[in-house]
Amino acid sequence: MTTGLRKLAVALLGTVVRHSPPSSRSWGGAMLREMECITTDWAALRWAFGSTSTIFRYSIERAWRDERSDNSNDGSMKAVGKAVGGLALAVAFCIGVLAVCILSLTRVSTFLFPEWHLAQMRWAQCMSVLGMPETIFVIVAAMLWRKRKTVSAGILACAVMLATHFLVYVSDHG
Amino acid sequence: MRISRQTLHVLRLFLEAPKTWRYGYYVSQDTGLKSGTLYPILMRLADRKLLEATWESSTPGTPPRHLYRLTPAGLSFAREHVVKSGSSSMRRPALSGAKS
């Protein structure tokens with residue numbers, strides 16, 4: 001039976017493969033085929049995230065290499081590809097977390113606890129757009145700091161941007 | 001050229017049966033590397049003509065999968081670096097639950 005997680009994993013990787021440049025599409029297709037052999041849904045989702053990040057990095061590296069094939073340095077290409085891919089992954093992660101937090105307030109809480117009227121409460125709104133995401137960002141950034149410094153730095157940058165945006169919004173709107 | 005510990009694990013695995021074609025997922029399981037680490041290594045090796053990749057001939061009802069093995073140049077490269085490293089191999093499954 002295909003679960004929601006499995007569908008999400010297939011949709012994520014399938015979309016990335018379809019929109020990837022021809023140079024990395026074959027590799028993306030290979031990763032997508034392999035995912036069908038993974039029985040655990042969470043493992044399939046992790047595989048999809050890893051593969052997505054790989055396709056981003058490879059596409060950027062290839063584009064960079066093609067553009068500067070004459071006087072490029074292999075180490076710097078990899079570093080740039082890794083950095084940009086890591087930052088893109090961090091931004092995608094942060095947008096996803098923020099969307100889930102806001103949806104949990106506006107949709108899930110209204111559905112599960114309609115009498116609480118959480119969507120109208122100011123403290124609950126602050127928690128969903130700032131408290132919860134910022135907590136998740138800091139925890140994930142701390143967990144990734146040693147192994148995925150670029151992604152971690154990207155998440156922290158998003159956390160700072162979100163907090164700044166929130167403060168500016170609150171100061172403007174009271 | 002300096003190669004990473006993870007690349008050494010991959011090379012060591014391919015050296016165990018040099019003529020055998022391997023699936024990416026099983027390489028991931030055998031080396032303990034996740035897709036985000038394994039595939040960049042495979043891609044780099046393929047770009048340098050050290051690894052050859054092919055789509056398996058498809059059987060009805062199942063989509064074809066990518067298979068990998070070292071090229072002759074890759075074999076000598078792998079032997080040279082694995083011997084030079086001389087470290088023990090790491091074995092733990094990266095992901096649980098492979099379909100048989």
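The side chains of Arg6(A) and Asp41(A) meet in a salt bridge, with 3.2 Å from N to O (a salt bridge being a side-chain nitrogen of Lys or Arg within 4 Å of a carboxyl oxygen of Asp or Glu). Arg6(A) sits in helix 1 (residues 4-19) of chain A and Asp41(A) in helix 3 (residues 41-67) of chain A, so the pair ties together parts that are 35 residues apart in sequence. Helices (H or I, at least four residues) and strands (E, at least two) are DSSP runs, numbered from the N terminus. This is a predicted model, where local features need pLDDT of at least 70, side-chain atom pairs count only at pLDDT 80 or more, and totals for chains, interfaces and linings use all residues. Residues are numbered from 1 along each chain as its sequence is written, chains are lettered from A and ligands numbered from 1 in the order in which they are written, and side-chain values use heavy atoms, leaving out hydrogens and water.

**Salt bridges**

- Searching the whole structure gives 5 salt bridges over all chains.
- Both Arg6(A) and Asp41(A) are buried (buried means under 20% relative accessible area, exposed over 50%, partly exposed in between, with a 1.4 Å probe and protein chains only).
- In chain B, Glu52(B) and Arg69(B) form a salt bridge at 3.0 Å, N to O; this pair links strand 2 (residues 51-55) with strand 3 (residues 66-70), 17 residues apart.
- Glu52(B) is partly exposed at 28% relative accessible area, and Arg69(B) is partly exposed at 23%.
- Glu80(B) pairs with Lys84(B) in a salt bridge whose closest N and O atoms are 3.8 Å apart; both residues lie in helix 4 (residues 72-85) of chain B, 4 residues apart, or about one turn of the helix.
- Glu80(B) is partly exposed at 45%, while Lys84(B) is exposed at 60%.

**Chain B at a glance**

- Chain B has 4 helices and 3 strands, running α-β-α-α-β-β-α from the N terminus on.
- Of the 100 residues in chain B, 46% are buried.
- Among contacts in chain B with a separation of 6 or more, 65% come from residues 24 or more positions apart (contact means heavy atoms within 4.5 Å).

**A loop residue in chain A**

- Lys147(A) is found in the loop between helix 5 (122-144) and helix 6 (149-173) of chain A, and is exposed, with a relative accessible area of 77%.
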